[in-house]
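Hi,

Here is the structure I promised to pass on.

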Amino acid sequence: MYLKRLELVGFKSFANKTTFSLTNGITAIVGPNGSGKSNVIDAVRWLLGEREAKNIRGAKAEDLIFAGTPQRSRMGLGQVTMVFDNRTKFFPLDYEEISVTRKVSRDGISQYLINEAEVRLKDIIDFFAKSRLGTKGLTIVNQGNSDIFVRATPQDRRVMIEEALGLRQYQIKKHDAELRMEATRLNLDKVKALIEEIAPHLRLLRRQASKWEKQSEVEKGLRELEQQYFGGRLEVLEKEVQSLKPKFLDLDNRQKTLQTELQKLQFQLQEVEKSGPKGDKNYNEFKKRQGELLSRRSIIQKELGRLEGQIEFLLKQPKSEIKASEAVGLLEESRELIKNILTKTDWGVVRELLSELVKKMDRILAGGGEEQNFKAKELETSKEKLSADLLELDRELAELVATEDKLAEEQKTFNSVFKKAFESVEKKKDELTLLDNERNRTLFDQERINIRRQELENLASQNGRKLAEFEEVLRLHSGQFSQNEFAKIDFQEVEKRMLKLRGELSSIGELDPAMMKEAQETEARHNFLSKQSEDLEKASEDLGKLIKDLDEKIHTEFSNSLKSINDRFNEYFKLMFGGGRASLKLQKLEIKNEKLESEEVELEKLEEDADKEHKADHGSLEVFVSIPRKKISGLEMLSGGERSLVSIAALFAIISVSPPPFLVLDEVDAPLDERNARRFAELIKSFSKKTQFLLVTHNRATMEAADVLYGITMGEDGTSRMLSLKLESAEALKQ
C-alpha cells in the first residue's frame, strides 16, 4: 500500500486543482517561503481528521477555502483527496484503489467520502486509526515541531506511540465503551430511582389486584360452570333439534309421496268424470219433453172421451131435425168451450182437432138429420185420428222410458266407478290430514324446544351472558366433547354452585376498572423497568469486561513494543549524537479521570476527551538522555538542535518497530547542521524502503535523497502553483 496521489482544489492557496503524483520512496516539496508548501502538509493533516485550528493554521473552517486575491475571485468550496494503492489489501476494503475525500463549504458544511460514498468523521478517524495513521502521533510533523516528541507531555508521548503502534483504535473503542458504560450507569440509576418511586404505590395496587385476582378466579370458575350449564343444556337442546330433523325429513318425503299419489288419483277421478254418461247434459230437456208428451196425452185422452160421449149421444138421438135455435145454442156452447180450451193450451195438433170439431158441429147445426150421420162419421174419424195420435204418443213415451232406464243403468255404473275413485281420493286426503297432524305434533315439539331455548337465553341474559357465546364455543370445539359428557352433568347441582359463586362475587363487591387497569399497567411498568435494570446491569458488566480486555490488549502490546522501541531509540540516539544513551521509561501516575456529564457529546469532544482519558490508563512516558561530554539533568537543558535530534531519534525508533504507511514531515531538518542533516537524509533513504515519505525541505542533502521533487511557487494571481521533477530522469539527462 502507498499513497498514489494527493489532490487539492480550492484549499488555502491552491485555488486550481493541483495533483501530486507520489512514489513509493521519498517525495520532497521545495520552494520559497510563503509559496504554500506547508499548505500541502495542512491538507494531509486536515484530511486525516484534524480538528484543532492551530494545527492547520486556521481559526475557522472558512479559512481553509481559497479567500481570493485582487486578481482571482474567492472559491466557495475547499477539497482534499488522497488516493491509495490498495492492491496489497492493507486497508480492509475490497478495492484495489481507495480515495478518501474531505470537503468544506463556506456555509460550514463538511463532507467526508470514501470511494465517493459519504461517511462520518468518526468513520474517517476509525479508518485511519486501524492503519496506524492519525493526527495525534508522529505521522505528520508540522513546521517548527521537529522537537515535538521532546516538548510533548509524558501523556502525549504515550499517545504518539500508541497511534504509531495501531493501538489508538482500541483506545477509541475503550473510550466509547466507557462513555456507553457511563450512560448505562446513568440510565441504571434512573431506572432504579423509578423502581423505588413506584414501589409503594405498586404495593397498594397489588393489594387491590389480589382482590381482583380472587374476583377473576371466582369469575373464571363461574364462567366454567356457566359453560357446563348453558353449554350442556344447549347441547341437549341441539340433540333434540337434531333428533327432529329426520322426522321432518321423513314427513316431507311421505308428504311428497302422498301428494304425488293424490294428484294421480285426482287425475284419475277427472278422467272418470269425463267418461260419465253424456245424457245427463240434456236431462232437463228430456224431462221437459216427457212432461209435454204426458200433458198432450192427457189432453188427447180427454178429447177422446168427449168425442166418444158426443158420438154416443149423437147415436142415441132420433134422426130428426132440430131447431136451429137450439142447435145453434148447443153448438155455440161447445164452440165456446173449445175456444176456451184453445186459449189455455198451445199445442198445434190439439188446435187443429178442436178446429175440425168446431166445423163438424157447424155442419150438424146446419144439416139436421142427414147431417147427423155425417157428423157421427166425422166424430168417429176424429176419434180414430186422436187414437192414432195417442198410440204415437204412447210409443214415444215408451221410448223415453226405455232411454231413461238405460241412462239410469249407465248412471248407476258410472256412480259406482266414480264413488270408488272419489273414495280413493278422499282416503289419500285423509292420509295427508293424518300426516299434517303428525307434522303439527312434531312442530309443537320443536316449538317446545324453542321455548326452552328462549328461557335458557333469558337466564343467560340475566347473568350478563349471551347464549351466542356458548354456541360459538360448541361450534369451535365440535367433536371434542364425548356424546355422554353433557348427559352426565347434574344441572341442578351446577346451578347451585353457580348461585354460590355469584354470592361470592357480590360479597367482593365492585372493583374500579381504572384501578385494575392502573395496577396492570404499573405492574407491567415495574416488570419492564426491572428487566431494563437487569439488561443495563448485564450491559454494564459486558462493557466493563470489554474495557478490561481492551486495557489488557493495549497494555500488553504497548509493553511488548516499548522494549524494542527503547533499543532502537538508544541506537539512533547514539547515531545522532555520536554516543551517549537514551531511554523511555513508563511512569505510573495517579490521575483522576473526569467523567462526562452529558450523554450527547460531539464527536470532536469525544475524540479529544478520549486522548485525555487514556493518559491515566497505564502511566505516561518520560525521556531520559545522556549526551557525550555534556552533563544534563533534564530535557529542558537541551538546545533546539539537540531537541530535534532526540525527537528524530525517537521518530525513527518508533517507525522501525511499527512502520506507518507514510510520513509527512515539514522542515524537520531545518534546525540541523549540515552533518546531522546528512545523517537525517541517510536515515530517511534507508527507511523509504518500508515507509513512504512526503517532505517539505530547504536542505540540499534531503533534496538529494528525494526520488521526486515538487516545486511550489506563488503565481501573479496569488495562487500556489506546482512544478515537478523526477531526479532519476534528471540524472539520466545529465549523463
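One definition before anything else: a residue is called buried under 20% relative accessible area, exposed over 50%, and partly exposed in between, using a 1.4 Å probe and protein chains only. The areas themselves come from the Shrake-Rupley method with a 1.4 Å probe, and for residues only the protein chains shown count as cover.

Please keep in mind that this is a predicted model, so local features need pLDDT of at least 70 and side-chain atom pairs count only at pLDDT 80 or more, while totals for chains, interfaces and linings use all residues. Residues are numbered from 1 along each chain as its sequence is written, and side-chain values use heavy atoms, with hydrogens and water left out.

The overall picture

The protein chain has 17 helices and 14 strands. Both are DSSP runs numbered from the N terminus: helices are H or I with at least four residues, strands are E with at least two. Of its 735 residues, 42% count as buried. The chain exposes about 41300 Å², and carbon and sulfur atoms supply 50% of that. Taking contact to mean heavy atoms within 4.5 Å, 75% of the contacts between residues at least 6 apart in sequence join residues at least 24 apart.

Strand β4 and its partners

β4 (residues 77–85) is largely enclosed by the rest of the structure, because 7 of its 9 residues are buried. Two strands pair if DSSP finds at least two bridges between them. β1 (residues 2–9) runs antiparallel to β4, with 7 bridges joining them, and L3 stands opposite F84 there. β4 also pairs in the antiparallel sense with β5 (residues 97–105), over 9 bridges; here V83 has S99 as its bridge partner.

The loop between β4 and β5 holds K89, which has a positive phi of about 60° although it is not a glycine. For background, most residues other than glycine have a negative phi. K89 is partly exposed, at 38% relative accessibility. N115 is another non-glycine residue with a positive phi, about 50°. Its place is the loop between β6 (110–114) and β7 (117–119), and N115 is partly exposed with a relative accessible area of 22%.

Helix α2 (residues 121–129) is largely enclosed by the rest of the structure, since 7 of its 9 residues are buried. Among them are L121, I124, F127 and F128. D123 is partly exposed, with a relative accessible area of 25%, and forms a salt bridge with R120, the closest N and O atoms being 3.0 Å apart. R120 counts as exposed at 52% relative accessibility.

The rule for a salt bridge is a side-chain nitrogen of Lys or Arg within 4 Å of a carboxyl oxygen of Asp or Glu, and it gives a count of 34. Some others to look up:

- R158 and E162 meet in a salt bridge at 2.7 Å, N to O. They are 4 residues apart in helix α4 (residues 154–165), so about one helical turn separates them. Both R158 and E162 are buried.
- D707 and K685 form a salt bridge at 3.9 Å, N to O. D707 sits in the loop between α16 and β13 (708–714) and K685 in helix α15 (residues 674–687), so the pair ties together parts that are 22 residues apart in sequence. D707 is partly exposed at 22% relative accessible area, and K685 is partly exposed at 39%.
- E62, R74 and R106 are linked in a network of salt bridges.

T697

Where does T697 lie? Its place is the loop between β12 (692–696) and α16 (700–705). T697 is buried, with a relative accessible area of 1%. Its side chain makes a polar contact with the side chain of D669 at 2.8 Å, and also reaches the backbone nitrogen of N699 at 2.9 Å. A polar contact is a pair of N or O atoms within 3.5 Å; within protein, one must be able to donate a hydrogen and the other to accept it, and residues adjacent in sequence count only if both atoms are side-chain atoms. Leaving aside neighbours within four places in sequence, the residues in contact with T697 include A28, I29, V30, E667 and T702.

Cheers
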